[in-house]
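Please read the points alongside the model.

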Amino acid sequence: MEVDISELDSAYRLLAGSVIPRPIAWVSTRGESGENLAPYSFFNVVSVDPPVVMFAPVGTGEDLKDTPRNILDTEQFVVNVVTMDLVEAMNATSATVEKSEFEHADLERAESVRVDAPRVAGAKVAFECELYDFVEIGRSSMVLGEVVYAHVAEDATTEGKVDVTKLDAVGRLSGSYYASTRDRFSLERPP
């Protein structure tokens, strides 16, 4: 298949089905519209010095949903890492509801230390973030957050470091497909 991107009605299926697996930012916020918790699979690390993560919600300007609106209002949010034990709850929070997604998915919330946004109490890893930058790109936005505090469950660590063999994170594929990090292998990098 050869595709001229400019001839596609939407590049979403091509990109989202090819750039896989994508980690999921389960973003919690608090703002004028209340508490919000929503998953975003266009998510990654941008920098380690300063520590910055990004996620990219669909929408700009007046079309922004609650999460990016709350972030623009407060300049604070939490990225919770989705693991297999939380995947059903994460999926439930993708629904459009009139109440807090924490309540809708029957999730316990925990207060953060440095930001005024709740976090998922059961998340093995949660990054408290302050807004670093907000960039509109086409019909989407890119939210960059500087990590100012991290919560890491002891059972996800070995000798004080995150252990990928213990953190069963979930990634987004395409459509209704997801992947876990259970099937792991190692390759030595060449010199």
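**Notes on the sheet and its helix**

1. In β6, N80 is the bridge partner of W26. The strands concerned, β2 (residues 25-31) and β6 (residues 76-81), pair in the antiparallel sense over 4 bridges. Strands are DSSP runs (E, at least two residues), helices are runs of H or I of at least four residues, and both are numbered from the N terminus; two strands pair if DSSP finds at least two bridges between them.

2. This is a predicted model, in which local features need pLDDT of at least 70, side-chain atom pairs count only at pLDDT 80 or more, and totals for chains, interfaces and linings use all residues. Residues are numbered from 1 along each chain as its sequence is written, and side-chain values use heavy atoms, with hydrogens and water left out.

3. An open sheet is formed by 7 strands in the order β3-β2-β6-β9-β10-β5-β4, with antiparallel pairing. Because β3 (34-40) and β4 stand at the edges with a single partner strand each, one side of each is left without a neighbour in the sheet.

4. Helix α2 (residues 66-74) packs on the sheet and touches β2, β3, β5, β6, β9 (125-137) and β10 (140-152), contact meaning heavy atoms within 4.5 Å.

5. Strands β4 (residues 43-48) and β5 (residues 51-55) run antiparallel and are joined by 5 bridges. They form a hairpin with 2 residues between them, and F43 stands opposite F55 in β5.

6. For residues 17-164, the end C-alpha atoms lie 24 Å apart, and the span is 14% helix and 45% strand.

Technical notes
Axes are lines fitted to C-alpha atoms, for helices over the stretch in contact, and angles run from 0 to 180 degrees between N-to-C directions.
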